[in-house]
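Please examine the model shown below.

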Amino acid sequence: MTSYTLWGLLLLVLLQSVCLLAWQNYKDYRVFELQPRDESEQQLLRQLAREKPHWDFLGSRRSLNETGLRVLVSPTQVESLLTLLNEKHIQHQILSDDISELVLAQREENRRSKSRIQMPMIDVFAGFYTHAEINEYLDSLPQRYPQRALVKIFGWSYERRPLKLLTVSNGDGRSDKPVIFIDATMHAREWIAPSFALYIIQQLLDNYEENKQLLENYDWVIMPVVNADGYEYTHTDSRFWRKTRKPTKDPENIGTDLNRNFGYKWGQNDGSSADPAEEIYRGEYAFDQPESQVVRDVLLHYSDRLRFYLSLHSYGNYFLLPWGHTSSLPPNYYEMMEVADAGAMAIVHATNGIYSYGSGYHLMYPTSGDSTDYAAGVANVTVAITMELPAGGFLGFDPWVSHIEGFVTESWVGVRAMAKEVIRRYPPQL
Ligand code: 0X9
Ligand code: ZN
């Protein structure tokens, strides 16, 4: 063995141990399912979800109408959670007393499945891609589709990752068409969202013959990863991270919830938190995160032409419309509802999948400073929808690789139907 190879091997071992050191293995993290029996117990749990930031009430099931909340807690928090549940007589069961093996198995599945891929080509069904890989893929598209794909850097994340925006057109040279803007991965752990954004891109570019109607009078603008730092962090360090990675005023806590950081009715009512320890921390002031600034800039840049803004999240099977910050409804609420209805109907016909749709405030919980409120309230977007994709895996955010295909193909049926409805309702003004 040459000394070069030896050094190479040593370096590899060193790199691997650095990676493993950073990796949070979730040893002895437990998952409980809580079953509130009446409205007052539900209320208590909602209060706990807010007051106990170290108990991670998963997904969108913090919502009003559903029972069976899953909570993820670290070993140090188990005792206090159980004491409180017993004290308050909240019915509960333990679903897992150690999720570390699951987290590792999923990481392994992804690594193994992706090892066949030759970047910059990707196979959406074969794995979850990192932000760097997604950027490499995006950069390859203008070469393959010089007339129809354009990639721009629209800004930079806190850790200086380039935030790229893809524009897809039919290449007819018209530059004044109305626009559909889709973003994904504002929340780092919601991994099905960037996969779905990639699938949409492939439908519009590679499967053009079937979908060219969607591009005849409209351009599509897509940002697959908004929270680039948080998303990379879920790949390298901590699988269930939600927020950004910018430090806060509190040295103990990193990260802001981007979907509470937008500057329309920011910080109003109970829809966000001023406490950096919480998962819905809104930041010190509106748009103090470079990533929400970038989405704002895209929304304002296309404002005159923007008919449909769709923000991809998981999980829960919802189409959530504005407003989040108030119980009242936006002036064109019923038009938005008809678009959501087209999506939900198409999905139920295709797969029997059930989506609920309505105002986020009523259907889920109040939010303030979320991106769809900003889109409708400031950027003048005609239809603004948050799409909560289906839950997968054990914690809802962690579908297995083998589930990607079913989820993204079903979701595309819904998005295609909503886009068609938007295009039908709001044809370009000639
Ligand atoms: O809380 C959020 O930001 C979104 N749900 S998630 O589970 N992906 O975090 C929902 C935001 C939509 N708006 C309202 N619920 N009002
Ligand atoms: Zn989300």
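Q: In which loop does Lys265 lie?
A: This is a predicted model, in which local features need pLDDT of at least 70 and side-chain atom pairs count only at pLDDT 80 or more, while totals for chains, interfaces and linings use all residues; side-chain values use heavy atoms, with hydrogens and water left out. Residues are numbered from 1 along each chain as its sequence is written, and chains are lettered from A and ligands numbered from 1 in the order in which they are written. Helices (H or I, at least four residues) and strands (E, at least two) are DSSP runs, numbered from the N terminus. On this basis, Lys265 belongs to the loop between α9 and α10.

Q: Is Lys265 buried, partly exposed or exposed?
A: Lys265 is not a glycine, yet its phi is positive, at about 55 degrees. Buried means under 20% relative accessible area, exposed over 50% and partly exposed in between, with a 1.4 Å probe and protein chains only. The relative accessible area of Lys265 is 35%, so this residue is partly exposed.

Q: What is the phi of Phe287 near?
A: Most residues other than glycine have a negative phi. Phe287, found in the loop between α9 and α10, counts as buried because its relative accessibility is 10%. Its phi is a positive value, near 60 degrees.

Q: How are the rings of Phe287 and Tyr374 arranged?
A: A pair of aromatic rings is described by the distance of the centres and the angle of the planes. Rings of Phe, Tyr and Trp (its six-membered ring) pair if their centres lie within 6.5 Å; planes under 30 degrees apart count as stacked, over 60 as edge-to-face and the rest as tilted. A search of the whole structure finds 15 aromatic pairs. For Phe287 and Tyr374, the centres are 5.2 Å apart and the planes stand at 85 degrees, so the pair is edge-to-face.

Q: How many residues apart are Phe287 and Tyr374, whose pair links distant parts of the chain?
A: Phe287 and Tyr374 are both buried. Phe287 is in the loop between α9 (228-236) and α10 (290-301), and Tyr374 is in helix α13 (residues 371-377); they are 87 residues apart.

Q: How far from the centre of the Tyr233 ring is the charged end of Arg245?
A: A charge sits over a ring if NZ of Lys or CZ of Arg is within 6 Å of the ring centre and within 35 degrees of the ring normal. The charged end of Arg282 sits over the ring of Trp266, 5.5 Å from its centre. The charged end of Arg245 sits over the ring of Tyr233, and its distance from that centre is 3.6 Å.

Q: What spacing do the donors of the zinc ion (ligand 2) follow along the chain?
A: Donors are N, O and S atoms within 2.8 Å of the metal (3.2 Å for Na, K and Ca); water is not among the atoms, so sites may look incomplete. The protein donors of the zinc ion are His187 (ND1), Glu190 (OE), Glu190 (OE) and His313 (ND1), at 2.0 to 2.3 Å from it. His187 and Glu190 are both buried. Along the chain, the donors follow the spacing H-x2-E-x122-H.

Q: How much of the accessible area that ligand 1 has on its own does the protein cover?
A: A polar contact is a pair of N or O atoms within 3.5 Å; within protein, one must be able to donate a hydrogen and the other to accept it, and residues adjacent in sequence count only if both atoms are side-chain atoms. Oxygen atoms of ligand 1 lie 3.3 Å from a polar side-chain atom of His187 and 2.9 Å from an N or O atom in the side chain of Asn259, while a nitrogen atom of ligand 1 is 2.9 Å from an N or O atom in the side chain of Thr367. Of the 410 Å² that ligand 1 has on its own, the protein covers 99%. Accessible areas come from the Shrake-Rupley method with a 1.4 Å probe, and for residues only the protein chains shown count as cover; the share for ligand 1 is 99%.

Q: Where does Tyr315 lie?
A: Most peptide bonds are trans. The bond from Ser314 to Tyr315 is cis, with omega near 5 degrees. Tyr315 lies in the loop between β9 and β10 (318-321).
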